[in-house]
Amino acid sequence: MDKIFTALGLMSGTSMDGVDASIIKSDGHSKFDNVLDKYWEFDVTLHKKLIDLRNEIVTKDKLIKFSNELKIVERELTIFHSKIVNEIISNYTGNIDLIGFHGQTIFHDPGNKISKQLGDGRLLSQLTKKKVVYDFRKNDLQNGGQGAPLTPIFHNLLANNIFNDFKDSFSNILNIGGISNITKTVINKDGLKNKIEAFDIGPGNCLIDEWMRKNSNKKFDKNGLTGKSGMNNQFLFNQAIENFNFNSYKNSLDIKDFDISFARGLSLEDGCATITNFTAYLIAEGIKFLHKKQDYFSNKYLICGGGRKNNFLIKTIKKYLNNFENISIENIDNFNQNGDFIESQAFGYLAIRSYLGLPITFPDTTRCPTPLTGGSIVKNF
């Protein structure tokens, strides 16, 4: 019988609003139990420093120019995470074997084999007295992969568990975080999954969040109410679609692959509506792309990530999928899952797989040439 590990997964997404933390138990294969999920919000100062740094670092040369600032903020971010970990440890009666530390993505450029996640694993290990697994993308990037998406192996596990609990619910996982990605359930005629495929398909919350930050005192469009109250500017929307060149779904995406300049000059509400329509259209096109492929897979999509709470975005995605292949889109929370913490749970699971030397990226997820393990493991106490 394989050992069951207890791991604490830590995830800070592109919204840069705070840290999701999850304790999970798993053997790194098919066994999985979720123990705890909790969220910690960044203070205003740290949030602003992260946003400002990400806005400044638009090329690899800027990583060098802002290296001192990066070190300072990385230390602050790591200390913030350490306080979370130590608070959890003090209140948890069991032992935590590993910490899966994603860190904060500042710059992602797979073409140059660079993905900068702020987060000092050695310092976190020292401050928490725990083994830390971090820098999950490096091995994949150095060996020809895109470095993202990383979570499909965990999404596949969830899809299996959901199928076991809800026998008629073979599903793909649509994660709408800062970037949207799909883990595709490929099944044979006997109803058995035989491979994992995943794709980044476009923006998720990143453009909507940026519009709200720059044009209001809000960090995001809660429930999609601002977008819903505006009007889609059809001319600017059509122009944005025409100017957007997305030839392939083979590459991973960064939020810097998109911008909101096409909505400049619109009111808060109309700009939000137009950007939401643009986002929804690209997500719908990504789903359609999958359905043009010849292999057999589910028509059901379970949505996780913050974007699932934007009712206007989800309604608009469904609008662009009208009359297409009888596609069903449902909230993953309806299947005994907490859609807010799928990614933090995933990094607990990835930490266990990395520790065991098991692959976390695959040719059909990150386009690496062969299945690869990843994650640097450090014990600094």
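Where does F335 lie? F335 is found in the loop between β11 and α12, and the legends below begin with this residue. The model is a predicted one, in which local features need pLDDT of at least 70 and side-chain atom pairs count only at pLDDT 80 or more, while totals for chains, interfaces and linings use all residues. Residues are numbered from 1 along each chain as its sequence is written, and side-chain values use heavy atoms, with hydrogens and water left out.

**View 1. F335 and I162.** The C-alpha atoms of F335 and I162 are separated by 6.7 Å, although the two residues are 173 residues apart along the chain. With a relative accessible area of 6%, F335 is buried, where buried means under 20% relative accessible area, exposed means over 50%, and partly exposed is in between, as computed with a 1.4 Å probe and protein chains only. Helices (H or I, at least four residues) and strands (E, at least two), here and in the other views, are DSSP runs numbered from the N terminus.

**View 2. S298 and S125.** S298 has its place in the loop between α10 (268-292) and β10, and its relative accessibility of 8% means that S298 counts as buried. Between the C-alpha atoms of S298 and S125, which are 173 residues apart along the chain, the separation is 41 Å.

View 3. Side chains of opposite charge can pair when their charged atoms come close. A salt bridge is defined here as a side-chain nitrogen of Lys or Arg within 4 Å of a carboxyl oxygen of Asp or Glu, and a search of the whole structure finds 11 salt bridges. In the one formed by D333 with R308, the closest N and O atoms are 2.7 Å apart. Because D333 lies in the loop between β11 and α12 and R308 in the loop between β10 and α11 (311-320), the pair ties together parts that are 25 residues apart in sequence. Salt bridges that share partners join R308, K309, D333 and D340 into one network. D333 counts as partly exposed at 30% relative accessibility, whereas R308 is buried, with a relative accessible area of 8%.

**View 4. Salt bridge between E330 and K300.** E330 forms a salt bridge with K300 in which the closest N and O atoms are 2.6 Å apart. Since E330 lies in strand β11 (residues 328-331) and K300 in strand β10 (residues 300-304), this pair ties together parts that are 30 residues apart in sequence. The relative accessible area of E330 is 24%, so E330 is partly exposed, while that of K300 is 15%, so K300 is buried.

**View 5. Salt bridge between E197 and K184.** The closest N and O atoms in the salt bridge of E197 with K184 are 3.5 Å apart. E197 belongs to strand β9 (residues 193-203) and K184 to strand β8 (residues 179-187), so the pair ties together parts that are 13 residues apart in sequence. Both E197 and K184 are buried.

**View 6. Crossing of helices α1 and α3.** Two packed helices are described by the angle between their axes and the distance between the axes. The axes of helix α1 (residues 44-56) and helix α3 (residues 67-91) come within 11 Å and cross at roughly 140°. The axes are lines fitted to C-alpha atoms, for helices over the stretch in contact, and the angles run from 0 to 180 degrees between N-to-C directions. Helices α1 and α3 are therefore oblique to each other, given that angles under 35 degrees count as roughly parallel, over 145 as roughly antiparallel, 65 to 115 as roughly perpendicular and the rest as oblique.

View 7. Most residues other than glycine have a negative phi, and most peptide bonds are trans. A cis peptide bond, with omega about -5°, joins A148 and P149, and P149 lies in the loop between α5 (138-142) and α6 (152-165). K113, in the loop between β4 (98-109) and β5 (114-118), has a positive phi of about 55° although it is not a glycine. K113 counts as partly exposed at 49% relative accessibility. N223, in the loop between α7 (206-215) and α8 (225-229), has a positive phi of about 60° and is not a glycine either. With a relative accessible area of 34%, N223 is partly exposed.
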